[in-house]
Amino acid sequence: MLKNLPVMVVVFLLIAGYMMPIVARWDRKKCAPLAALAMGFGVLGSLVLMNTVITSGQPVTYNLGGWIPPWGIAVKIDYAESFMLVLLTGVGAIILWYASGDIGQELGHKVTGWYYTAFLLLLAAMLGMAMANDLFNLYVFMEVSGICACALVAAKGDREATEAALKYLLLATIGSGFVLFGIGMLYMLTGHLNVDFVALQLRRVWMFYPTVTWVATSFFVVGFAVKSALFPLHIWLPDAHSSAPSPSSAVLSGLVVKIYAFALMKLLYLVFSGLFTESFPVALAIRYILLVFSTMAILGGSLFALVQVDVKRLLAYSTVAQMGYVFLGIGLGSPAGLAAAMLHILNHAIMKSCLFLSAGTFIHVAGVRQVRDFAGLSKTMPWTSAAFSIAALSMIGFPPLAGFASKWYLSEGAMQSGEPVFVVLMVVSSFLNAWYYLPLVGRIYSAGEGGAAKEDIPLSMRLPVVLLAACCVVLGLFPKIPLALVYRAVDKFLLK
Amino acid sequence: MTWPLLILAVVIPVTGAVVIALLPSGDDTRRNLLAVLTTVITAALVGLCVQRVFAGNEYSSPVLYITPLLPLALRLDRLGALFALTASCLWVFATVYSTGYMAHEHDRRRYFTFFLLSLAATMGIAGAGNMLTLYLFYEMLTLATYPLVIHEGSEEAQRAGRRYICFSLVGAGLVLGGLIISSAVFGDFEFAGSKRVLDMAQTGLLSCAFLALFYGFGVKAAIMPLHPWLPSAMVAPTPVSALLHAVAVVKSGIFGIYRTTFSFYGAGLVSGLHVNAFMLLSAGVTVLMGSVFALRQDNLKRRLAYSTISQLGYIVLGAAMLNRTGVTGGLLHLVNHALLKITLFFAAGAIITVTGKKNISEMSGLARRMPMTMTAFGLASLGMVGALPTNGFLSKWYLIQGGLLNDAFWVPLLLVTSAVLNAAYFFPIVIRAFFSKGDFERSEGPEAPPSMLYPILILCGLSMLLGLWPRPTLAVVDVVASALFGGVR
């Protein structure tokens, strides 16, 4: 059982996902418990895997069908992967919990079953991406997750959502195309698809084919940058994330864009290790492009967010800015910088899910979507408002909330790389965040109508949000818990 | 194991605040009692700690690493003890005064909750054992005082609150940036000022970081041109203006500057960076322009606010001189100004409560109605001007000495000019109140509610006492100053 656990986690979610429409036909009410069961198994499995990795100090590997690499497909879970697994399943489970209360109301009961299908498949695909140690396997899961993510956006079925989903589908496909080209080139160079073998072989052969190697690197960077919405390539994100149902927005903003950034980090530092981390002119150029684009993302995303009147669009643009942080960490490449990128993947997943879910409650229970109508919400829904405010303050980076730790580590990473200018960027970005989040919080707590709550908020929509806000506080007070794991992962990335 | 006392000084006000928040909002008697009791206990605790600190013990808690890079610690040294003692004692008076002043205001529960939370944050700032902890509590102070500033709830209060939060955030951002850079250069957050050595390669970076820290804390210390939040924040209830904007918040900024300059960087390093020209210039401009602006104000609280800005300039000036005499003068003024300014604000608040008058032009003959309050006001103004027997004189004397030690002959000139300006905006108020004819009548009963009158009289008496018998403060401040310069006598 334990030996097969990595695959079981994914397969269980896949099976549960495919069963959902059937179960929904039989009895709609059974969908949520079954999905919860699958997710619960996922969380438990991930925790067990993380525990195994930490206690043994060795990566957990599994060869599909017993074929050893380089012939078979391999799955490998190391510190970084187990971190991602726990993050994906944990936050995913909380979002699913919220969805169980929200989806029926927001989408109508007809699509409930299918929604769960897309949700569980997406989670399974992301878990697969996190643990895949095989480039083609990675690509397959990437496509699955791309299609499921589009389905989650399109689930609403209105004109706006369909248009956004189509736009998302097109750009995501372009991104996948770039990645596929990159994989093809690596296969051509090394004759392998297994990550370990590619890395090993690449170090031997790359100097004979420098152009192809660097083109492959650039293709990966561009492909994953489109998928995870790095600034100038972000145009699909605001539409997709704002027109989707709230749980979808949370999972898209919180998890989906992160897994691509994580995959890029893994590729750059594990497959191209010894190339990307050295001071070759091209490597430096790519690194500076990442730094420049992430700077633009941090500033541009925030500036766009400033002028939004729709709360979900505001949150979506904020995601663009926050992805800039992750890419900044990847670009900096210093230990603290990489640690900050990983930490921010976690922190932002929690903060942004909390924000999207509580915004979802505001929209669907109080019926307010425009920021200017938020006045007085604290009176009608104190818990949700408090959770929203905590997550917003955490976004700004108030100590001692989660966002503060990631900003601090990013700044530390900038200092380690000898680039103090990014410390200034962090400070400026905090101002910009404060500029659009504080008025929001202020408005919630000011006197006003608050779009008098139409009905009581179900517990399943209130508790997940509060739980996520509590996580913001706990992770802010004890960032050393994730950091202990993150630093071990970073040590592996940097070959220490 | 004496450090838990120090943590209690932060925890007790928080507990008090939580209990007050849980009490029913109509229960004024118990709330007032609880608030006063909390501050008294805190002050007593701080007094106990301070006494031991000056006896040579140090309070340091074990370091709590929230991550390996981010250590939090509480430690009370002499500078912190001075600040903690001043703030916690004045908080007792302010709370007593608030119970009287707030009796007819709305939302009293919220007011006292945040009033005590601010005390906790201030104690945290005073007892911070490293720069990171200081920064943490500094941010919390901003958040805790914001609801007090906008207490009125009016459009004007909202605007003032927005301005306050904007300026504070800019300041906090500057502090954060400076802190990250300097901690990366130093490799720690410790108050190891006397041990720092200047590394020539890092001069530029450190100068920038230092100035960021200086101006970051300078926002709360209302250094010009970072001061505009202070006068507009005067819409807050008077005890808040008095305590937060003349004593706690602005003095936290000052305290941050002293900590940065002497504890974190060290006077030797700062003078090696050649940045104190900026400090001197900013402080000088603030001293003069604050007074000039104060001349034009008709609203009494606004005039006091500009006077605060100018007086804070003195304290920063003391730090900028980077010598022991100057620091002694600055710290003396920190204590003296706190006492005097809180008296003045309390008097202004009493005038507002009793007569409803906010503008100086309406105060002709006010002394007939409120003789004792106006006498206290007059004496405190004398202290502000720095007339001889009052406590304001001594701090200015030391500042002038400090300036002369640095061959800065403009310092005496500046201080004398400023004293003349102080006289020009304080004396007309007193003269108008005592000698002009107005339609105020002598009152039958007490001239103001006792919970407001007694704090005024006691504080005024205390400042006079410290003026006539300055030995104790001088001795304490001298010890603090010598500690800041590495204990060299």
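**Ground rules.** Residues count from 1 along each chain as its sequence is written, and chains are lettered from A, ligands numbered from 1, in the order in which they are written. Because the model is predicted, local features need pLDDT of at least 70 and side-chain atom pairs count only at pLDDT 80 or more, while totals for chains, interfaces and linings use all residues.

**Entry 1, chain A overall.** I looked up the secondary structure and found 19 helices and two strands in chain A. Helices (H or I, at least four residues) and strands (E, at least two) are DSSP runs, numbered from the N terminus. The radius of gyration of chain A is 21 Å, close to the 23 Å from the globule rule for 496 residues, so chain A is as compact as a globular protein of that length. That radius is taken over C-alpha atoms, and the rule is 2.2 Å times the number of residues to the power 0.38. The C-alpha trace of chain A spans about 70 × 55 × 45 Å along its principal axes. I noted that 62% of the 496 residues of chain A count as buried. Buried means 20 or more other C-beta atoms within 10 Å of the residue's own; 12 or fewer is exposed, and in between is partly exposed, with C-beta atoms placed from the backbone.

**Entry 2, helix α9(A).** I checked residues 236–243 of chain A, helix α9, and eight of its eight residues are buried. They run from A:W236 to A:S243, with A:D239 and A:H241 among them. The cover includes α5, α6, α10 and α12 of chain A.

I looked at α3 (residues 79–107) and α4 (residues 112–131) of chain A, which pack at an angle of about 170 degrees with axes 10 Å apart. Axes are lines fitted to C-alpha atoms, for helices over the stretch in contact, and angles run from 0 to 180 degrees between N-to-C directions. That makes α3(A) roughly antiparallel to α4(A). The label applies to angles over 145 degrees. Residues in the contact include A:L88 and A:L96 of α3(A), and A:F119 and A:L123 of α4(A). Contact means C-beta atoms, placed from the backbone, within 7 Å. By class, I have 14 nonpolar, three polar and one charged residues there. Ala, Val, Leu, Ile, Met, Phe, Trp, Tyr, Cys and Pro count as nonpolar, Asp, Glu, Lys and Arg as charged, and the others, Gly among them, as polar.

I found 21 residues of chain A in contact with 18 residues of chain B. On chain A, α16, α17 and α19 each supply at least two residues. Helix α17(A) gives the most, with seven. The chain A side divides into 17 nonpolar, two polar and two charged residues.

I found 19 helices and four strands in chain B. Of its 489 residues, 61% count as buried. Strands β2 (residues 64–67) and β3 (residues 70–72) of chain B pair in the antiparallel sense over three bridges. Pairing needs at least two DSSP bridges. A hairpin of two residues joins β2(B) to β3(B), and B:L64 has B:L72 as its bridge partner.

I placed B:L141 in helix α5 (residues 131–149) of chain B. B:L141 counts as buried because it has 26 C-beta neighbours inside 10 Å. Beyond four places in sequence, B:L141 touches B:S118, B:A121, B:T122, B:I125, B:V249 and B:S252.

Definitions and conventions. Parallel < 35°, antiparallel > 145°, perpendicular 65-115°, else oblique.
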